[in-house]
Amino acid sequence: MMDRSEAARQILRDNDRGGYTVPTDRLYPFQWNWDSAFVAMGFASFDLARAWSEIGCLLRGQWEDGMIPQIVFHAPSDDYFPGPGVWGIRRDPPTSGITQPPVLATAARRVLAADATAEGEARMAAIYPRLRDSHRWWAAARDPGGTGLVATLHPWETGMDNSPAWDRALDRVPTGTRTAIRRRDTSHVDPAFRPRAIDYQRFIHLVEVFRDAGWNPARMLAASPFRVADVGTNAILLRAEKDLLHLASRFGTPEEASEIATRIARMETALEHLWDDARGHYLPRDLISGEAIPFRGSAGFLPLFAGQARHAAALATRLEEWGRRVKALVPSTDPGDPLFEPLRYWRGPVWAVVNWMIAEGLHRCGETAMAARVAGDTRDLIAAEGFSEYFDPITGQGIGGGTFSWTAAIWLLLEEGMAS
Ligand code: DGY
């Protein structure tokens with residue numbers, strides 16, 4: 001039998017479509033933004049050229065304004081809805097018109113650390129301006145008022161599509177669509193493990209709103225009936241800004257470094273405003289009502305990944321509590337919440353990429369015992385069930401798509417141990 005690490009490497013090779021990787025065969029037949037960032041880090045452990053090309057292919061989809069899209073449609077496929085026709089964006093390669101959590105600068109820094117050669121430096125020098133532009137896009141397009149928190153305009157942008165966190169905010173989104181909804185995901189995966197029909201109606205309604213806004217960032221921001229400050233996206237961006245600052249000291253100018261440092265200071269303060277003492281958790285905010293969303297989810301631990309250590313002990317205690325209710329950490333929804341659904345996509349299941357970021361964050365913030373537990377649970381799930389898309393926290397069963405690239409990448413990262 002092939003050992004687990006070799007099996008993980010084989011999944012990345014099998015999901016390679018010629019320089020970029022699909023998240024898994026059929027269910028997701030294109031290149032996805034944050035999936036690719038994790039995949040690049042996974043490749044860095046055994047194939048540096050391939051790690052760089054994963055990043056390079058994703059950047060082929062970058063827009064002139066700096067946005068790195070959620071999906072790059074490198075080659076046609078009928079296996080996924082909504083495909084390029086629904087987005088209606090004429091680019092080569094075609095892309096979707098929204099983004100995803102910005103893990104890329106963090107990934108690029110890690111790939112460079114693994115490739116400390118003149119060639120690695122040259123590759124990074126070419127990529128750095130693209131990363132700089134993408135972070136400028138986040139600030140200009142999604143936080144034009146300079147609050148220190150960026151807005152996400154679609155649940156797909158948060159990466160946690162159907163999290164209960166978005167239920168109330170999505171109530172404002174009409175369910176009518178001009179587009180015929182022809183889902184493919186539910187023919188690849190049990191519909192009970194996927195978002196519901198009404199979720200998709202709203203997801204597609206939002207796409208139509210943005211299309212009508214001509215994909216112009218200011219018009220999208222103004223027109224969107226869904227506008228939230230997601231803890232996950234903001235924490236991941238803050239971490240990425242710190243990694244970009246590190247890269248700027250070698251590949252950028254002093255002015256760029258100070259521009260990034262200014263944004264970091266603002267974000268650090270703003271992220272702490274999302275901490276809710278009564279609930280002992282970082283809570284997302286509905287930017288239309290201006291109110292905190294009273295939901296405790298796995299994204300609430302991600303400020304640790306950005307190095308925000310102030311509430312590390314409280315968050316580790318919270319994980320301990322959750323851990324008494326489930327077999328495997330970290331469920332995507334508080335297992336004591338009536339909205340917790342252990343099998344349905346982002347409403348309860350454990351996701352290896354989120355676990356890795358949480359474990360990394362706990363480690364970096366001094367909670368090493370809990371970091372080891374989260375990392376250990378992740379390894380145990382994968383060892384028992386294989387490289388599933390997500391896992392039932394109650395039974396440990398692997399669910400969703402199989403042979404998932406990012407789950408394989410996380411196995412390889414966990415093999416390398418936590419960064420000190
Ligand atoms: C999907 O289609 O399920 C993806 O999560 C969108 O990014």
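The largest nonpolar core of this predicted model has 141 residues, and those with the most contacts inside it are Phe38, Ile55, Met124, Leu131, Leu319, Trp356 and Leu362. The largest share of this core, ten residues, is supplied by helix H12. A nonpolar core is here a set of buried Ala, Val, Leu, Ile, Met, Phe, Trp, Tyr and Cys residues joined through side-chain atoms within 4.5 Å. Buried means under 20% relative accessible area, exposed means over 50%, and partly exposed lies in between, with a 1.4 Å probe and protein chains only. In soluble globular proteins, nonpolar side chains tend to be buried together.

Residues are numbered from 1 along each chain as its sequence is written. Because the model is predicted, local features need pLDDT of at least 70 and side-chain atom pairs count only at pLDDT 80 or more, whereas totals for chains, interfaces and linings use all residues; side-chain values use heavy atoms, with hydrogens and water left out.

**Packing of the helices**

Helices (H or I, at least four residues) and strands (E, at least two) are DSSP runs, numbered from the N terminus. Helix H5 spans residues 104-114, and its buried residues are Leu104, Ala105, Thr106, Ala107, Ala108, Val111 and Leu112. These buried residues pack against helix H2 (33-43), helix H3 (48-59), helix H6 (118-142) and helix H12 (231-251). Contact means heavy atoms within 4.5 Å. Met124 is in contact with Trp52, Ala108, Leu112, Leu131, Leu247 and Phe251, leaving aside its neighbours within four places in sequence.

Ile204 belongs to helix H10 (residues 197-212) and is buried, because its relative accessible area is 0%. With neighbours within four places in sequence left aside, Ile204 is in contact with Phe81, Pro82, Trp156, Thr177, Thr179 and Ile181. Ile204 and Gly176 are 28 residues apart in sequence, and their C-alpha atoms are 8.8 Å apart in space.

Thr378, in helix H16 (residues 368-385), is buried, with a relative accessible area of 2%. Not counting residues up to four places away in sequence, Thr378 touches Ala352, Asn355, Ile410 and Leu414. His363 is placed in helix H15 (residues 352-364) and counts as partly exposed, because its relative accessibility is 25%.

**Salt bridges**

Side chains of opposite charge can pair when their charged atoms come close. A salt bridge is a side-chain nitrogen of Lys or Arg within 4 Å of a carboxyl oxygen of Asp or Glu. The structure holds 32 salt bridges, and the table gives examples.

| Pair | Distance, N to O |
|---|---|
| Glu6 and Arg13 | 3.1 Å |
| Arg263 and Glu241 | 2.6 Å |
| Glu341 and Arg347 | 3.0 Å |

Arg263 forms its salt bridge with Glu241 at 2.6 Å. This pair links distant parts of the chain, with Arg263 in helix H13 (residues 254-272) and Glu241 in helix H12, 22 residues apart. Both Arg263 and Glu241 are buried. Glu341 counts as partly exposed at 29% relative accessibility, while Arg347 counts as buried at 7%. Salt bridges that share partners also join Arg109, Arg239, Asp243, Glu360 and Arg364 into one network.

**The ligand site**

An oxygen atom of the ligand lies 2.6 Å from an N or O atom in the side chain of Asp161. For Trp32, the corresponding distance from a ligand oxygen atom is 3.0 Å, and a polar side-chain atom of Tyr28 lies 3.2 Å from an oxygen atom of the ligand. The protein covers 95% of the 230 Å² of accessible area that the ligand has on its own. Accessible areas come from the Shrake-Rupley method with a 1.4 Å probe; for residues, only the protein chains shown count as cover.

**Backbone features**

Most residues other than glycine have a negative phi, and most peptide bonds are trans. The peptide bond from Asp92 to Pro93 is cis, with omega near 0°, and Pro93 is found in the loop between helix H4 (84-87) and H5. Leu329 and Val330 are also joined by a cis peptide bond, with omega about 0°. Trp215 has a positive phi, near 60°, and is buried, with a relative accessible area of 11%.

Conventions
Polar contact = N/O pair within 3.5 Å; in protein donor to acceptor, adjacent residues only side chain to side chain.
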